[in-house]
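Thanks for coming. Please look at the model on the screen.

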Amino acid sequence: MNIDQNTALYGVIGNPVRHSLGPVMHNAAFSAAMINAVYLAFEVEDIKASLQGMAALGIKGLSVTTPFKSAVIPFLDEMDPLAVRIGAVNTIVNREGRLKGYDTDATGAVKALEEKMVLKGLHSMIIGAGGAARAIGFSLKERGVRISIANRSPQRGASLARDLDCPYLPLNRTGVKKVDLLVQTTPVGMFPHEGESPVSEEMFHEDLVAMDIIYNPRETTFLKMAKARGAATIDGLGMFVHQGAEQFLLWTGVDPPFEIMYRAVESRLGESST
Ligand SMILES: NC(=O)c1ccc[n+]([C@@H]2O[C@H](COP(=O)([O-])OP(=O)(O)OC[C@H]3O[C@@H](n4cnc5c(N)ncnc54)[C@H](OP(=O)(O)O)[C@@H]3O)[C@@H](O)[C@H]2O)c1
């Protein structure tokens, strides 16, 4: 890669952010598509100043990760309607100094699921009620999936359930409901919660598809428990690359090199687990 006076800058803002594999994925994509651009990780604290900096420096696009997916909204000039409905932004596009927010988590999750199954008519349960759960909940509902929400804090869980017009269950009562699709969206299972699962093994059965949106580690305790009880499993890598591919398209207008992006992240994950 040649960095010169015309190199465009992209990146991810979050805190913490050093674990992000966004740079691995997007730099592989820029290189494969022969786009003169680099993508860096910015661990930030002041979100207003960060977005002012984005506009002032002409940073062309940013991914947004925890804990800023809602916090960025007041500082944007424009929002895509899907991001408005979800109430979260994971992608910012800078078009001549105007910052527009999008959500690509919803599409990413649904594409990863639709690669494996037909969604319409399924009964699902989403574990968690944060930004990712919101995005996935809205997009599953649009696909005709019945949903229930299980979350640690009743207030947040009930609030998302209200917005989705669906039932809420406390985390310790998830076993009372038999579902076809279980989507795990909490950070439980990744550092520093490896070895933990937010639900107990009675949730898993042979007719279930269990998806964990965590991609590092690829096989979380939740997925190990699901597999042991005969459920089909989907890890978080497909969603991560699909949401990244959607970002790449929004930023560049170029068809994303999906396979290259997938392999770049997969091989880095392979290195870190050895
Ligand atoms: N694969 C992908 O492309 C992708 C995309 C987006 C996010 N993610 C992953 O998804 C996870 C969540 O992201 P997010 O943006 O939705 O985060 P978030 O908005 O902070 O929400 C986190 C959710 O997890 C719950 N939670 C946190 N710690 C918990 C614990 N110890 N026990 C039980 N529940 C707990 C929270 O419950 P309370 O309401 O009780 O606090 C909340 O519902 C992260 O691990 C992130 O890396 C993956």
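Start at the ligand, where one of its oxygen atoms sits 2.9 Å from a polar backbone atom of Gly131. An oxygen atom of the ligand is also 2.8 Å from an N or O atom in the side chain of Asn151. A ligand nitrogen atom lies 3.2 Å from a polar backbone atom of Gly236. For polar contacts the cut-off is a pair of N or O atoms within 3.5 Å; within protein, one atom must be able to donate a hydrogen and the other to accept it, and residues adjacent in sequence count only if both atoms are side-chain atoms.

How many residues surround the ligand? There are 24, and the closest are Ala129, Ala132, Asn151, Arg152 and Ile213.

A word on the source. This is a predicted model, in which local features need pLDDT of at least 70 and side-chain atom pairs count only at pLDDT 80 or more, while totals for chains, interfaces and linings use all residues. Residues are numbered from 1 along each chain as its sequence is written, and side-chain values use heavy atoms, with hydrogens and water left out.

Now the domains. The protein chain is divided into domain 1, covering 8-103 + 239-272, and domain 2, covering 107-235; the bounds come from an automatic or database domain assignment. Their centres, taken over C-alpha atoms, are 25 Å apart. Domain 1 puts 14 residues into the contact and domain 2 puts in 16, with contact meaning heavy atoms within 4.5 Å.

The area buried between the two domains is about 1500 Å², and carbon and sulfur atoms give 59% of it. Buried area here is the accessible area, with a 1.4 Å probe, that two parts lose on being put together, summed over both.

Four residue pairs are in polar contact between the domains, both residues at pLDDT 80 or more. On the side of domain 1 that touches domain 2, α3 (81-86), α8 (237-252) and α9 (258-272) each supply at least two residues. The largest share, five residues, comes from α8. Helices (H or I, at least four residues) and strands (E, at least two) are DSSP runs, numbered from the N terminus.

Next, charge pairs. Three salt bridges cross the interface of domain 1 and domain 2, where a salt bridge is a side-chain nitrogen of Lys or Arg within 4 Å of a carboxyl oxygen of Asp or Glu. Glu266 pairs with Arg218 in a salt bridge, with the closest N and O atoms 3.2 Å apart. The structure as a whole holds 11 salt bridges. Another one joins the side chains of Asp105 and Lys69 at 2.9 Å, N to O. Asp105 is in helix α4 (residues 105-114) and Lys69 in the loop between β3 and β4, so this pair ties together parts 36 residues apart in sequence.

Last, the backbone. Most residues other than glycine have a negative phi, and most peptide bonds are trans. The bond from Thr66 to Pro67 is cis, with omega near 5°, and Pro67 lies in the loop between β3 (61-64) and β4 (78-79). Phe191 and Pro192 are also joined by a cis peptide bond, with omega about 0°.

Methods:
Near = heavy atom within 4 Å.
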